[in-house]
Amino acid sequence: MSNVYVIDHPLIQHKLTIIRDKNTGTKEFRELVDEVATLMAFEITRDMPLEEIEIDTPVCKAKAKVLSGKKIGLVPILRAGLGMVDGVLKLIPAAKVGHVGLYRDPETLKPIEYYVKLPNDVEERDFILVDPMLATGGSAVEAINSLKKRGAKSIKFMCLIAAPEGVKAIQDAHDDVDIYIAGLDEKLNDHGYIVPGLGDAGDRLYGTK
């Protein structure tokens, strides 16, 4: 079963409250999503492996640690996921960025893949899939399918706010994908919106309706 990590750092929780507020404007909303993504990136990279090397400090030779192991792939789910990319890249600037685009079929309401572009060395990378919201989980599950179909072996999912229904959907479909969230909310309403949530993340990031 997937592990679920709720990142309850005080700075994240404070910023998340302002993100939720309906009076927070587009500019501030965008900046705060970026900041929270950076703070969450600290936690999602906590288990990255290290190796020891020898360096010369201005004083003497010393043994010191550097990152080792697989390279990172960062994949936003279009379009709202784009709002979290720069925040993560501030900490992991060497990560390669892929993209997954999905739309909802108006009749079946199921997500359909319309665009996927990933780094060439998919099998060699640890992927972080990002989207601000995890509501029904349909898009996240399909995006994980898209990555796995192309050879991804290691995937983590990161979002700001999740509904229990979305968490369960990922756990049921992909029990090898760990889930990192800043807030686990109460439920989905009849329209599929997270309650209390923050509204439509894409509209609030880009000023659209």
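**View 1. Lining of the largest pocket.** The lining of the largest pocket has 14 nonpolar, eight polar and four charged residues. Here Ala, Val, Leu, Ile, Met, Phe, Trp, Tyr, Cys and Pro count as nonpolar, Asp, Glu, Lys and Arg as charged, and the others, Gly among them, as polar. The model is predicted: local features need pLDDT of at least 70, side-chain atom pairs count only at pLDDT 80 or more, and totals for chains, interfaces and linings use all residues. Residues are numbered from 1 along each chain as its sequence is written, and side-chain values use heavy atoms, with hydrogens and water left out.

**View 2. Centre of the largest pocket.** In all, 26 residues line this pocket. R104, M133, A135, S139 and D200 lie nearest its centre. Elements giving two or more residues to the lining are β4 (71–78), β6 (99–104), β9 (133–134), α4 (138–149) and α6 (201–206). Helices (H or I, at least four residues) and strands (E, at least two) are DSSP runs, numbered from the N terminus. The pocket volume is about 700 Å³. A pocket is an open set of points on a 1 Å grid over the protein atoms alone, where a 1.4 Å probe fits, with protein on both sides within 12 Å along at least five of seven lines; lining residues have an atom within 4 Å of a point. The volume is the space filled by probe spheres set on the points, which are joined across faces, edges and corners.

**View 3. A salt bridge between R150 and E113.** The two side chains meet at 2.9 Å, N to O. A salt bridge is a side-chain nitrogen of Lys or Arg within 4 Å of a carboxyl oxygen of Asp or Glu. R150 lies in the loop between α4 and β10 (154–162), and E113 in strand β7 (residues 111–117), so the pair ties together parts that are 37 residues apart in sequence. R150 is partly exposed at 35% relative accessible area, and E113 is partly exposed at 27%. Buried means under 20%, exposed over 50%, and partly exposed in between (1.4 Å probe, protein chains only).

View 4. R46 pairs with E43, their closest N and O atoms being 2.8 Å apart. R46 is exposed at 61% relative accessibility, whereas E43 is partly exposed at 29%. K61 pairs with D56, with the closest N and O atoms 3.1 Å apart. K61 is exposed at 53%, and D56 is exposed at 56%. The whole structure has 16 salt bridges.
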